[in-house]
Amino acid sequence: MCANVVVVGAGTMGPGIAQVYATGGNKVTLTDIKEDILQQAKEKIKTSLANFVQHGVLSQNEADSIFARITYSLDNESAAKTCDFMIEAVPEKLDIKHQIFTLYDKYAPEHAILASNTSGIPIREIARVTGRRSNVLGIHFYNPAQLNRLVEIIRTNDTSDATVETSKQMLIKCGKKPVIIADIPGFLHNRLIYALLREAVSLVEQGLTTVEDIDTVVREAFGPRFSVLGLFKLVDIVGIDIYYSVSSYLNKELSNANTASQWIKSKIDNNELGIKTGKGFYVWSEEEKKKILTELSARMLQLLKEKG
Ligand SMILES: NC(=O)c1ccc[n+]([C@@H]2O[C@H](COP(=O)([O-])OP(=O)(O)OC[C@H]3O[C@@H](n4cnc5c(N)ncnc54)[C@H](O)[C@@H]3O)[C@@H](O)[C@H]2O)c1
């Protein structure tokens, strides 16, 4: 099924999300409140599609059709009236999300699905200003949306099965790998990554190992294996009996910190925020910054091409 999709907010996330839905054959309207942001979004989409063509992920014809399916608008009210599916990527503030959901609830056709790309606001909090809670859900893309295949679908107690299924099928048609999770803090991906980071940060903070050695373990051992197997398939290969006996003594040794780390706080106090300030856990020259980001994007495009 192809739909009229509206992506609200053309800042960091919106252009990538618009590209994704246009890739699935949908007609997409990308809206913002600023004309210059819309112009920049159009350029970003053009550059991104050229990158996909350059890496052989799309043909020039496919890229041209995707580009032609996206229009740009400052008028949410008109966009709402013909939409089947809306996803917002406006700033992470509940009052702004509420404005958008109130407007789309008022003007969009009754069947329209309303989604939020929020990183952390509970979806039920966003949905409560609408009269169609069964048609509201979270659809959480990772940045950049056009390169990351994982998308989390967040369903509240009110979200209907039909809303989840339609949203899931639309994402699959766009080449994404959706997963479904209840409306809980951190959704799915971040709960896993923060569980791992809690242990990693604790080990370094206690002086038991180094940042570099932890990154070596991730890159050389479970990173490659996880990318083939996932987590539970890996345990199946290792043996559930082994996992049980190791976890019976190891679980109690693991960090159970329930506050943020003082070591990380000191980094923030020293403006060591990572790539954006030139120093985080590592020191980043302009050249290294550019190199790693180019390498990462090329690797992700390669994965998109390999896995189709
Ligand atoms: N940046 C990320 O890495 C990332 C990743 C996943 C999810 N998110 C979530 O996605 C959402 C958007 O994040 P972002 O980083 O793209 O924000 P952003 O600030 O870069 O962009 C938001 C855009 O929304 C526009 N906007 C504001 N009010 C509007 C309105 N009424 N109608 C249309 N447009 C409007 C702004 O002009 C701006 O261009 C947030 O909820 C954020 O938490 C962000």
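Student: Which residue of β2 does Val8 stand opposite?

Tutor: Keeping in mind that this is a predicted model, Val8 stands opposite Thr31 in β2. The two strands involved, β1 (residues 4-8) and β2 (residues 27-31), pair in the parallel sense over five bridges.

Student: And what order do the strands of the sheet come in?

Tutor: The order is β3-β2-β1-β4-β5-β6-β7-β8, eight strands in an open sheet whose pairing is mixed. At the edges are β3 (70-73) and β8 (177-182), each of which pairs on one side only, and the twist from one strand to the next averages 25 degrees.

Student: Switching to helices: how far apart are the end C-alpha atoms of α2, and what should the helix span?

Tutor: They are 29 Å apart, which agrees with the 28 Å that the 20 residues of α2 (residues 35-54) should span at 1.5 Å a residue.

Student: Which residues of α2 are buried?

Tutor: Those are Leu38, Ala41, Ile45, Ser48, Leu49 and Phe52. They lie on the same side of α2, because they cover an arc of only 100 degrees around the axis. On the other side of α2, Asp36, Glu43, Thr47 and Gln54 are exposed, and just after the helix Gly56 takes a positive phi of about 75 degrees.

Student: Is Asn271 buried or exposed, and why?

Tutor: Asn271 counts as exposed because it has 10 C-beta neighbours inside 10 Å, where 12 or fewer is the limit. Phe187, with 21 such neighbours, counts as buried, since the threshold for that is 20 or more.

Student: Where is the cis peptide bond?

Tutor: It joins Asn143 and Pro144, with omega about -5 degrees, and Pro144 is found in the loop between β6 (136-141) and β7 (150-155).

Student: Last topic, the ligand: which residues come nearest?

Tutor: Asn143 is one of them, together with Gly9, Gly11, Thr12 and Met13, out of 25 residues around the ligand. By class, this shell has eleven nonpolar, eleven polar and three charged residues, and its largest share, three residues, comes from helix α5 (residues 94-107).

How values were computed. Residues numbered from 1 in each chain as written. Predicted model: local features only at pLDDT ≥ 70, side-chain atom pairs only at ≥ 80, totals over all residues. Near = placed C-beta within 6 Å. Helix = DSSP H or I, 4+ residues; strand = E, 2+ residues; numbered from the N terminus. Nonpolar A, V, L, I, M, F, W, Y, C, P; charged D, E, K, R; others polar. Expected span 1.5 Å × (residues − 1). Arc of directions from axis to C-beta. Pairing = 2+ DSSP bridges. Axes fitted to C-alpha atoms, helices over the stretch in contact; angles between N-to-C directions.
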